[in-house]
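Please open the structure in the viewer and keep the selection panel at hand.

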Amino acid sequence: MATQMIIVNGGSSSGKSGIVRCLQAVLPDPWLAFGCDSFVEAMPARMQASDEGIEIAADGGVSVGAEFRALEAAWTEGIVAMARAGARIIVDDVFLGGVSSQERWQQALGELDVLWVGVRCDSGVAAGREIARGDRAQGMAALQADAVHKGVTYDLEVDTTHSESLACAQTIAARVR
């Protein structure tokens, strides 16, 4: 069976988005890309700093509420529906709940053929990227670097500490059927 989805998980500033853009360039067929950042940006502004939505603390900690989870479940089902309809999908995600985040995806995915990819990056390197980006709370990268991988099972892992996005994308593309 052909790979229908690629789910890329890693902490903030680990290099996921760059890898996803490179994957779209190197894979022979067209792949749609969706990310947790665009999901958060699509939420009403009032939910982007709310107990029921998503809150980002000054130290980079992230907490989410019940309304966030409800919308996230609908978003996940929508992404999966596109894959079931024949679109090939890459998801750029941050498993804040580690294994429980992966389990939510697995429940929605059913029998779809998915390539699970972990993107690792040394927390110090990710923290430097975070500062250079300027659009993240300082400390988020360090808090997420290992936590997002706890208990998660991957088909493949790449490390962007010393590897460029294109090289990582080529490694992933070689595993796509």
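**Stop 1: helix H1**

Select helix H1, residues 16–26, in which Lys-16, Gly-18, Ile-19, Val-20, Cys-22 and Leu-23 are buried (under 20% relative accessible area; exposed is over 50%, partly exposed in between, with a 1.4 Å probe and protein chains only). Helices (H or I, at least four residues) and strands (E, at least two) are DSSP runs numbered from the N terminus. This is a predicted model, in which local features need pLDDT of at least 70 and side-chain atom pairs count only at pLDDT 80 or more, while totals for chains, interfaces and linings use all residues. Residues are numbered from 1 along each chain as its sequence is written, and side-chain values use heavy atoms, without hydrogens and water.

Next, display the partners of these buried residues: strands S1 (5–10), S2 (32–35), S5 (89–93), S6 (114–120) and S7 (156–159), together with helix H7 (165–173). Contact here means heavy atoms within 4.5 Å.

**Stop 2: Thr-161**

Move to the loop between S7 and H7, where Thr-161 lies. Thr-161 is buried, at 17% relative accessible area. Its side chain forms a polar contact of 2.5 Å with the side chain of Asp-159 (a pair of N or O atoms within 3.5 Å; within protein, one able to donate a hydrogen and the other to accept it, with residues adjacent in sequence counted only if both atoms are side-chain atoms). The side chain of Thr-161 also reaches the backbone nitrogen of Asp-122 at 2.8 Å.

**Stop 3: Cys-121**

Select Cys-121, which Thr-161 touches. Cys-121 is buried, with 9% relative accessible area.

Terms used:
Lists of a residue's contacts leave out its neighbours within four places in sequence.
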